[in-house]
Amino acid sequence: MTDTASFQVSFKTDVWSLACVAYEVFNSDSSPFLQLNDESALTHAYRLQRMSRPLNLTSKLSKMPPAMNELLERCLSHSPESRPDIKMLLTSSFFRTGAIRTLRVIEAISQQDTAKQAKILAALPARLQDFTPQLLQDMVLPKIKALTSKHELAPLVLSPIMMIANVISATEF
């Protein structure tokens, strides 16, 4: 066990912890930390912290989008001063592009005017190609279903709904 007397909790340690969880989410075939008890989770996290860059870390992050790789490398820095703060973290390219951006747009779609909603819906099927079935079912489908009451959007709502229906099972749909 390490000496915890010199360890101080801060926003920078929170950033490191968040990076550990993100690493597990992207690289675990099951729920993160599912098989770990408290002690083994700490040991696992410590081993993650001790991974050397770029040899081990870069290869371990290969399942993630490149923007997330870069972000996690900075968040898992051995030096807390080198880690991004929360504001830098949330304004990184990972959160402004790709799936995260699409989820943000979908989350706010009901607050847009009909013309903006139509534009978003028209582009949506292509943006959803890399989403997992669970993400489509839990995060995307409910927001799109909520737009079905607008008759002028009906033709545009059908395309993303059909795409999602092809990805998730009939019982989940």
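Predicted model: local features only at pLDDT ≥ 70, side-chain atom pairs only at ≥ 80, totals over all residues.

Visitor: Where does R127 lie, then?

Guide: R127 lies in helix α8, which covers residues 114-127.

Visitor: Which residues is R127 in contact with, leaving aside its neighbours within four places in sequence?

Guide: R127 is then in contact with R101, T102 and V105. R101 belongs to helix α7, residues 98-107. Although R127 and R101 are 26 residues apart along the chain, their C-alpha atoms are separated by 9.9 Å.

Visitor: Which residues gather in the patch of positive charge?

Guide: The surface patch consists of R101, K116, K119 and R127. Helix α8 supplies its largest share, three residues. R101 is partly exposed, at 39% relative accessibility.

Visitor: New topic. How many salt bridges does the structure hold?

Guide: The structure holds one salt bridge. K143 pairs with E107, and their closest N and O atoms are 3.3 Å apart. This pair links distant parts of the chain, with K143 in helix α9 (residues 133-145) and E107 in helix α7, 36 residues apart.

Visitor: Why can such side chains pair?

Guide: Side chains of opposite charge can pair when their charged atoms come close.

Visitor: And are K143 and E107 buried or partly exposed?

Guide: K143 is partly exposed, with a relative accessible area of 25%. E107 also counts as partly exposed, at 45%.

Key:
Residues numbered from 1 in each chain as written. Heavy atoms only, no water. Patch = residues over 30% accessible without salt bridge, like charges linked within 9 Å, V, L, I, M, F, W, Y side chains within 5 Å. Areas by Shrake-Rupley, 256 points an atom, 1.4 Å probe, with all protein chains shown as cover. Salt bridge = Lys/Arg side-chain N within 4 Å of Asp/Glu carboxyl O. Lys, Arg positive; Asp, Glu negative; His and termini not counted. Charge placed at Lys NZ, Arg CZ, Asp CG, Glu CD. Helix = DSSP H or I, 4+ residues; strand = E, 2+ residues; numbered from the N terminus. Buried < 20%, exposed > 50% of the residue type's maximum accessible area, 1.4 Å probe, protein only. Contact = heavy atoms within 4.5 Å.
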